[in-house]
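Subject: Structure handover

Hello,

Here is the structure to look over. My notes on the sheet and the cavities follow below.

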Amino acid sequence: MDSTTDMPDTPHDVQKLHKEALRNGVLNSTQASSLLGGQSVKEVIVNKCYTPLSASVSEEAGLEENEAWETLEAVISREFAAGREGCKVQLCGGVGVGKTTAVQQLIWEWATDSLLQHYTLLLPVCERTLCTSEQSLESLLLSTHAHLSAEALASALQRPQSLLLVVDGLDHFQDLLSESPPSDTLVSDPQQPAGGAVLLHSLLEGSLLPGASVLLTCREAVLLESLQCVHLLGFSKAQRRSYFQQFFKNEAEAEQVLRHCEQVVGIAELFRCPAFCWTLCCVCKERVPETLTELCCAVTHTLLQEHGVNVETSKQLLCGLGKLADHCYSQAHAHCSTAEVIACGLQPFLGSSVLSAFLRFSRDDVSSPNAIFSFLSLVFQEFVLAVFFYIDQSALQSGQDGARILEGGPDMYQMFLAGLSDPAQRKLLEASVGQLSSGRLSEFHQWLISLVVEVLPGFEKEKHWCVFRLLHHARSPTLVRETVGACKWRTVSYAGLQVSDCAGLVFVARCLGEMEHLNLYRSVLLDVQAQKLVPALHLAKSINLCQSHLSSGVITHLARAMMDGRTTWLDLSSSVLSVEALKILCLSLTNSNLRTLCLRTCSLTPACGEVLGKMLSDSKLCVLDLGGNDLQNQGLTQLIGALGTSSCRLQDLSLDHCSLSGECIALLSSALSSSLSELKKLNLNWNQLAEDTLELLSQALQTGRCSLSTLQLFDCELTDSCCPSIAAILQSHNCCLTELDLSVNELDQAGALLICDALKSPKCPLEKLCMNSCGLTEQVFSALGSVLESGTSRLKELAIGIHPVTDAGAKHIWKALKHTHCKLQHLDLEMISLTDACVDELCEAVAASNSLTTLILKNNNLTDISVPQLVKLVQDHPIIKELNLQDNDFSEDVFELMDTCPNIQY
């Protein structure tokens with residue numbers, strides 16, 4: 001139609017004409033696909049190869065797929081559903097995430113009668129026209145849609161509820177959105193001239209075309225009450241797989257390339273971005289890269305080769321692009337003007353096809369002072385900034401360069417610096433621009449070494465992860481061994497590791513060949529992270545996964561790492577384990593080197609007993625901590641049954657807080673009596689043990705077949721009636737006990753005196769005795785003093801605190817310390833009401849002892865007056881390694897004096 005007289009009049013005819021124009025706009029587009037710019041909209045639509053994207057209306061959607069993710073099509077259909085008039089939606093997402101292609105696909109589907117047909121007209125608004133001089137909305141739309149007559153458009157604007165206006169490309173004009181004009185400047189008449197910002201906000205606030213719907217795209221969300229924000233998230237895993245299959249046509253080839261690229265250094269994090277996937281797939285047709293740096297080098301080489309640019313010109317171009325990238329970063333701008341491009345040395349390339357391979361222009365005339373330039377890829381922008389560091393010799397002084405690296409730069413800048421330091425990764429780049437500066441390469445190498453040495457002994461896990469990623473990108477095993485292997489690597493908890501951090505940690509572990517300790521305390525690991533960590537888990541001698549969230553899938557990967565791995569110590573305490581997860585783990589231990597397993601408070605159920613019992617019979621496990629699990633009789637009987645078998649190597653078992661019954665203790669006693677049992681240490685703390693129950697245990701320890709050396713009975717509700725059984729154990733010539741803890745039991749004087757008599761027996765092998773808070777009296781302290789003086793006692797450690805015996809009770813212990821037969825090395829007299837009056841005798845006794853190295857006097861009534869004597873005591877007797885005076889009645893006046901003696905704690 002060439003004249004206005006031929007223009008259609010009815011809304012149906014206008015709509016038909018408009019749809020045809022929109023379709024022709026796509027079909028006649030001259031925009032071509034480019035390696036960095038992505039696949040052209042025309043090619044995507046005409047070839048029907050559009051891959052749906054993911055989106056979310058939730059700000060908390062995150063980068064990992066979750067229930068908040070849905071298809072963009074579902075979101076659009078819901079937000080712009082029939083009957084919902086005046087919807088205003090901003091589609092937010094970074095460069096290359098697919099905003100324009102998604103919007104053009106939506107327009108095409110409307111124009112082909114497939115989507116949103118309740119709108120009479122869908123009107124794209126050219127973002128450039130919003131930045132021109134003041135004009136009315138009507139004239140702005142007419143300039144964009146010349147196929148519509150003024151009368152037809154005016155008629156359509158009178159029915160705003162039937163209109164959907166689409167504003168794409170506000171990335172370069174974000175200020176139009178973010179700078180809200182005063183409310184009294186907003187317009188309501190479509191024929192009233194106004195600036196672009198006023199027109200846009202008038203539409204969004206509803207004063208202009210009330211009831212009209214608006215869809216606009218931008219990089220960053222703008223907080224306007226009238227605007228619903230939809231976050232464009234890019235490809236989900238399934239959508240990415242579909243994209244690769246469409247590109248490669250061959251499903252097997254697509255899957256092979258995809259799986260490889262998921263393991264490639266630095267690439268996995270960018271997989272959500274459609275433009276990046278396009279670039280990656282194009283490169284992978286020729287050669288699959290091993291790292292993101294190698295990918296960018298291949299892209300650069302390809303583009304320069306395609307445009308026939310020689311080495312010197314290539315270096316000049318990349319220097320200019322590097323300066324431009326540096327300028328954009330330092331000014332925090334995503335785009336720049338013609339003058340800024342020229343200032344960066346790119347004037348010789350204005351208007352050339354090679355510059356358009358790297359930069360996007362807002363105008364056809366790139367020499368126009370109003371032209372706006374931006375990098376086609378933010379990834380590539382940071383890459384050329386790193387290249388600029390290595391090829392430019394004049395822009396920055398050497399000293400400033402080192403500082404510049406330390407300052408950080410953009411997110412991937414240091415990563416590319418590390419990648420380019422590797423000759424294999426930069427090979428294709430050097431084929432195009434010549435050799436990188438050896439001086440700059442050496443400078444980066446030295447900086448990275450100093451960073452490793454500075455960061456890894458520290459406590460900041462995020463900095464540790466950064467170092468691992470840089471070492472991973474540098475891909476130099478020698479560098480890892482020279483730096484990480486030689487420094488004091490502090491094993492802080494690495495909870496919160498991302499997949500890229502896992503890959504970096506694994507690379508470092510593989511280079512070293514082993515890890516002393518892997519601390520993942522309080523981790524919430526996903527299956528993909530656990531899978532990535534398997535090599536590091538396999539090489540770690542000890543692993544801490546306390547208080548972690550561990551699914552059966554994560555446990556499967558952990559179990560795989562345990563099989564024939566180096567791990568000898570594994571702590572899963574306070575991590576809830578299902579029966580299935582425990583079964584998976586225990587099956588792997590039959591072929592592992594694990595010696596210590598901590599499963600304290602893991603919510604194990606009675607059904608776990610059989611699994612644990614079988615594991616004990618088939619593994620090399622020597623230490624098992626099951627404290628705090630309510631395995632009940634059923635579970636415990638199956639577990640204890642394994643202790644007396646020939647294949648069980650367990651030497652240390654903790655069953656504290658396990659609600660042991662008499663039946664369980666009977667079984668345990670029977671197992672201990674077996675000549676096959678290798679158990680040396682048994683922790684039964686916080687279990688209610690009756691007199692008859694303890695009698696069974698006593699009999700087992702006297703059989704001559706029990707090799708138990710440590711027995712812990714802390715807070716087991718023992719009374720003086722249990723003391724004959726305990727005394728019988730200590731006096732038995734078959735007793736092997738060297739450590740006994742009876743603390744927090746009401747033994748009282750009579751029971752304690754029976755034990756004291758037993759301690760004098762020449763047969764008693766006990767070297768460590770804990771009887772804190774047992775109801776001991778001065779008379780018992782006197783008896784204990786006699787034991788220490790007897791010449792038959794082997795006691796080296798004695799803890800008898802939390803008894804109000806005062807100085808009178810303590811004097812018996814001071815007297816014993818002076819005796820030549822006393823062998824005590826560790827003495828704990830916490831909270832026995834000591835006063836300053838005992839200090840002379842205390843100092844005399846300690847000075848006379850030839851063995852005492854540790855004295856605990858916490859929570860007593862000592863005051864400032866005693867401090868000079870105590871300080872002199874420790875200074876004059878270097879044998880004393882620790883004098884603990886915490887929580888006494890000291891004032892700050894004596895703190896400085898005590899600080900002169902590092903062996904005093906207060």
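Helices (H or I, at least four residues) and strands (E, at least two) are DSSP runs, numbered from the N terminus. This is a predicted model: local features need pLDDT of at least 70, side-chain atom pairs count only at pLDDT 80 or more, and totals for chains, interfaces and linings use all residues. Residues are numbered from 1 along each chain as its sequence is written, and side-chain values use heavy atoms, with hydrogens and water left out.

The sheet: seven strands, open, mixed pairing, in the order 2-1-7-3-6-5-4. Pairing takes at least two DSSP bridges between two strands. Strand 2 (70-71) and strand 4 (121-126) are the edges, each pairing on one side only. Strand 3 (residues 88-92) runs parallel to strand 7 (residues 228-234), joined by 4 bridges. There, V89 sits opposite Q228.

The cavities: the whole structure holds 7 of 30 Å³ or more. A cavity is a set of points, on a 1 Å grid over the protein atoms alone, where a 1.4 Å probe fits but cannot get out; lining residues have an atom within 4 Å of a point. Points join across faces, edges and corners, and volume is the space filled by probe spheres set on them.

The largest cavity has about 100 Å³ of space. Helix 3 (72-79) and helix 4 (99-111) each give at least two residues to its lining. Helix 4 has the largest share, 5 residues. Y50, L91, L115 and L215 are among the lining residues. The lining splits into 9 nonpolar, 1 polar and 2 charged residues (nonpolar: Ala, Val, Leu, Ile, Met, Phe, Trp, Tyr, Cys and Pro; charged: Asp, Glu, Lys and Arg; polar: the others, Gly among them).

Best wishes

Methods: On a 1 Å grid over the protein atoms alone, a cavity is a set of points where a 1.4 Å probe fits but cannot get out, and a pocket is an open set with protein on both sides within 12 Å along at least five of seven lines; lining residues have an atom within 4 Å of a point.
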